[in-house]
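Subject: Structure for you to look over

Hello,

Here is the structure I said I would pass on. My notes on what I found in it follow below the model.

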Amino acid sequence: MSTSESSSSPKDKAMSRRELLATMGTATAGMILAAGTGWSGTAAAEPMPNPMQNPGFRPESVAWINVKNYGAQGLGRFDQNDAPAIQSAVEAAASLGGTVYLPPGRYILRSSIMLRPNVRLVGDGPGASILKAAESNLSMVMGLGTKKNAVEGLGFEGMGATSPINVKLTERGVYFEKCEHVSVRNCHFTAIVNGVWLNDSRHVSVSQSSFSQLFAYENFYEGYGIFAESAANFRLTDNRFRLLKRPCIYISAGSSYSIVSDNVAQQCEDAFIVISSKLKPSSYHRIEGNILSAEGLENGAFAGKQGIVVRDYCTDNVIVHNIISRAKESGISLTGDGAADDERPFGNIVSGNKIDQSERGIVLLNSDVTTVTGNDVRRVQTGITLETSGNADGSFSRHNLVTGNMLSRCLTAAIQIAGSRCENNTVYGNAGTGNGETLADQGKDTSKTGF
C-alpha cells in the first residue's frame, strides 16, 4: 500500500468491487456474480445481431454473382491463380450488397480475398467448393474494417508452412480485423496453420464449422482452430475440432462478452478452450455445453492435455454444463501466476460440469471468490484442488466456495486445500464415495460443515 493510500480515512476511501465481494460470504458473492450479468451468468451486454437478418443478405433480394463469370477456373492447377477473378466478383457484389457464389471446384489463391461491406462469400459446401493457398503465410479470406459479411459453405486448405520463431504473420483461413457483424458458418479448415482469427472485432459468429490437422511448430501463433484477441460480443457455437496441436479455441487480450457453446473436440494435444489475459480483464464469457470427447480412444489414451483453462486476469466468467473426458492434466483449471493481486482469476462460477478420468478434476490456483458447485467429478487423482504457487502479492486462493459437488473414486482426495496461503474458503454439502480422503485441508481459516 502506498503512503497516500495509508493516510486516507476509511470513510473517504471508496471500496472497490473486488473488496466488497471479498468481505461478504462466498455464497452471497456467488449469487451476486450470477445475477449481475442480467441473465443467469450469461455474458452478453446486448443482443447479438444476426448478419443474415440484414435485408442486404436475403438471397431473394440481392444479386448472386458467380465467380466463374469473372474468370475463376476452380481447376486446382497451381499454374493458375483464381484470386484476381474472385476479387473482381467481390468488388462487383460490393456495389449491390450481394452474394459471391463459388461453384464446386478447387480455387487456387496466390493473394488474399478482401471482403467488402455487405458481401457474402458462399460455396456449395466445404467438401465441394475449396479455397487452396499457393503462397506461404497467406490470410486466405480477409476482412479489414468491414461490416455485415458472411463466409459460408467453403473448404480451406493451406500450404502449412510454419516458423521456429514467434511471428504473428501466419497462415489463416479467415482473418477479421476491426470488423462488425460478420460470420463464418459451415466451413472446413484442414492442412492449414490457423483456422479463424478474430482481432479487435465485434459481433462475430463462428458456427457449424470443422477444424482438423492444423500445423504448428514452435511459434506461439500457430495451430489454433479459432483465435480471438481483443474481441467482444462474439459467439463460437457448434464447431468440431480434431487432431489439433494447440488449443482448439483461444480467447485472449481482454476479449469479453462471448458465448462458447456446444463445441466438440477429439484427439487433440493441448487444451480444448483457453481464456487467457494479462493487463486488462477478460470477462463475461459463458462457456457452456462443450464436450471434450474420448470417443475412439484406446485405453490409456487422452483426448487432450486440459479441458477448459481460465488463466490470469479473468473475472466474472461462467463455466457450466461442459463434459470433459480423459483430459491428461486437468478437466477445468482457473490459474493465476501469483505475481500480482489483480492479474488472476476472480469471481468466476464453475457449475454443473461433468469430468471423468483426468489427473485432476477442477483446480483453483491463485484464484479468488470462485463458486464451484453442482459438478460431477469421478475417476481422478484429486477431485477439486485449491492451491497456490509462489510468495508474491497474488499467491493466494481466498474466499472460494465449494459446495454441492458429487465426487467419486478420487484416489488421493475428493477435495484438497493445499497450504496456508489458501485462506477463508468455504467447503460444505459435497458428496461421493470411493475416495481416498474426503477433505484434505491444510488451509487457513477454512469454513466447513462435513464434507
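Ile226 stands opposite Ile249 in strand S19; strands and helices here are DSSP runs numbered from the N terminus (E, at least two residues, for strands; H or I, at least four residues, for helices). This is a predicted model, in which local features need pLDDT of at least 70 and side-chain atom pairs count only at pLDDT 80 or more, while totals for chains, interfaces and linings use all residues. Residues are numbered from 1 along each chain as its sequence is written, and side-chain values use heavy atoms, with hydrogens and water left out.

The pair Ile226 and Ile249 belongs to a parallel pairing of strand S16 (residues 226-229) with S19, joined by four bridges. Two strands count as paired if DSSP finds at least two bridges between them. S19 also pairs with strand S22 (residues 273-283), again in the parallel sense and over four bridges. There, Val274 in S22 is the bridge partner of Tyr250.

S19 itself covers residues 249-252, with Ile249 and Ile251 pointing one way and Tyr250 and Ser252 the other. All of these are buried, where buried means under 20% relative accessible area, exposed over 50%, and partly exposed in between (1.4 Å probe, protein chains only).

Leu243, in the loop between strand S18 (240-242) and S19, has a positive phi of about 60 degrees although it is not a glycine. Gln267, in the loop between strand S21 (264-266) and S22, is not a glycine either and has a positive phi of about 50 degrees. Strand S27 (residues 323-325) is joined to S30 by three bridges, with Ile324 opposite Ile355. Strand S28 (residues 327-335) pairs with S30 over five bridges, also parallel, and Ser330 stands opposite Arg360 there. Nine bridges join S30 to strand S32 (residues 376-387), which run parallel. In S32, Arg378 is the bridge partner of Asp356.

The largest nonpolar core has 86 residues, and Leu131 and Phe156 touch the most other members. A nonpolar core is a set of buried Ala, Val, Leu, Ile, Met, Phe, Trp, Tyr and Cys residues joined through side-chain atoms within 4.5 Å. Helix H4 (residues 83-94) gives this core its largest share, six residues. A second, separate core of ten residues includes Met142, Phe227, Ala271 and Val274.

Which residues is Phe156 in contact with, leaving aside its neighbours within four places in sequence? They are Leu131, Met140, Val141, Val151, Gly173, Val174, Cys187, His188, Phe189 and Thr190, with contact meaning heavy atoms within 4.5 Å.

H4 has twelve residues and reaches 16 Å from its first C-alpha to its last, close to the 16 Å expected at 1.5 Å a residue; the expected span is 1.5 Å times one less than the number of residues. Its buried residues are Ala83, Ala85, Ile86, Gln87, Ala89, Val90 and Ala93. Among the elements that cover them are strand S1 (64-66), strand S3 (105-109) and strand S6 (129-133).

Gly160 lies in the loop between strand S9 (155-157) and strand S10 (172-177) and is buried, with a relative accessible area of 16%. Gly160 and Phe215 are 55 residues apart in sequence but 5.9 Å apart in space, C-alpha to C-alpha. Besides Phe215, and leaving aside neighbours within four places in sequence, Gly160 is in contact with Glu171, Ala191 and Val193.

For the chain as a whole, there are four helices and 39 strands. Of its 451 residues, 56% count as buried. Of the contacts with a separation of 6 or more, 68% are between residues 24 or more positions apart. The structure holds zero disulfides, a disulfide being a pair of cysteine sulfur atoms within 2.5 Å. Cys179 is buried at 1% relative accessible area, and Cys422 is buried at 0%.

Regards
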